[in-house]
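Subject: Structure handover

Hello,

Here is the structure I said I would pass on. Please open it alongside this message.

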Amino acid sequence: MNMIFGTKLKEVRVENNLTQKQLAEFLHVSTTTICQWETLKQEPSLDALTAIAKLFHISADYLLGLDL
């Protein structure tokens, strides 16, 4: 996972007025997991990445910084 993911995740979470706890509840993961994703200490699974993209109506490419 690249360094952009954590920044993009936090950006869309804040733009959607969600706390880490609320996002964790939507995704059925722990708050610690969200924190670790945002600080790049852990990478989400492909299923989690897909769920995040669907939740925020954005592409996985956007989250990964691959869109132009």
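Below is what I found, from the whole chain down to single residues.

Please keep in mind that this is a predicted model.

**Overall fold**

The protein chain has five helices and zero strands. Its pattern along the sequence is α-α-α-α-α. The radius of gyration is 11 Å, and a compact globule with 68 residues would have a value near 11 Å, so the two agree. The C-alpha trace spans about 30 × 25 × 20 Å along its principal axes.

Of the 68 residues, 34% count as buried. Now take the contacts with a separation of 6 or more: residues 24 or more positions apart account for 56% of them. The accessible surface comes to about 4400 Å². Carbon and sulfur atoms make up 55% of that surface.

On charge, the chain has 6 positive and 8 negative charges. Their mean positions lie 7 Å apart.

**Helix 4**

Helix 4 covers residues 46-56. Which of its residues are buried? They are Ala48, Leu49, Ile52, Ala53 and Phe56. Seen down the helix axis, these buried residues fall within an arc of 135°, so they line one face of helix 4. The face turned away from the buried side carries exposed residues: Leu46, Asp47 and Lys54. Note that a leucine, Leu46, is among the exposed residues there.

What covers the buried residues of helix 4? The cover includes helix 1 (4-15), helix 2 (20-27), helix 3 (31-38) and helix 5 (60-64).

Ala51 also sits in helix 4. Buried means under 20% relative accessible area and exposed means over 50%. Ala51 has 30% relative accessibility, so it counts as partly exposed. In sequence, Ala51 and Leu27 are 24 residues apart. In space, their C-alpha atoms are 7.1 Å apart.

Just after helix 4 comes His57, with a positive phi of about 55°.

**Helix 2**

Helix 2 has its own buried set: Leu23, Ala24 and Leu27. These residues cover an arc of only 100° around the axis, which puts them on the same side of helix 2. Lys21 and Glu25 are exposed on the other side of helix 2.

Where do the buried residues of helix 2 pack? They pack against helix 1, helix 3 and helix 4.

His28 follows helix 2, and its phi is positive, near 60°.

Thr19 lies in the loop between helix 1 and helix 2. Is Thr19 buried or partly exposed? Its relative accessible area is 40%, so Thr19 is partly exposed. Thr19 and Lys54 are 35 residues apart in sequence. Their C-alpha atoms are 18 Å apart in space. Lys54 is one of the exposed residues on the outward face of helix 4.

**In brief**

The chain is built from five helices, with zero strands. The buried residues of helix 4 line one face. Those of helix 2 share one side as well. Helix 2 is part of the cover over the buried residues of helix 4, and helix 4 is among the elements that the buried residues of helix 2 pack against.

Best wishes

Terms used
Residues numbered from 1 in each chain as written. Predicted model: local features only at pLDDT ≥ 70, side-chain atom pairs only at ≥ 80, totals over all residues. Heavy atoms only, no water. Helix = DSSP H or I, 4+ residues; strand = E, 2+ residues; numbered from the N terminus. Rg over C-alpha atoms; globule rule 2.2 N^0.38 Å. Buried < 20%, exposed > 50% of the residue type's maximum accessible area, 1.4 Å probe, protein only. Contact = heavy atoms within 4.5 Å. Areas by Shrake-Rupley, 256 points an atom, 1.4 Å probe, with all protein chains shown as cover. Lys, Arg positive; Asp, Glu negative; His and termini not counted. Charge placed at Lys NZ, Arg CZ, Asp CG, Glu CD. Arc of directions from axis to C-beta.
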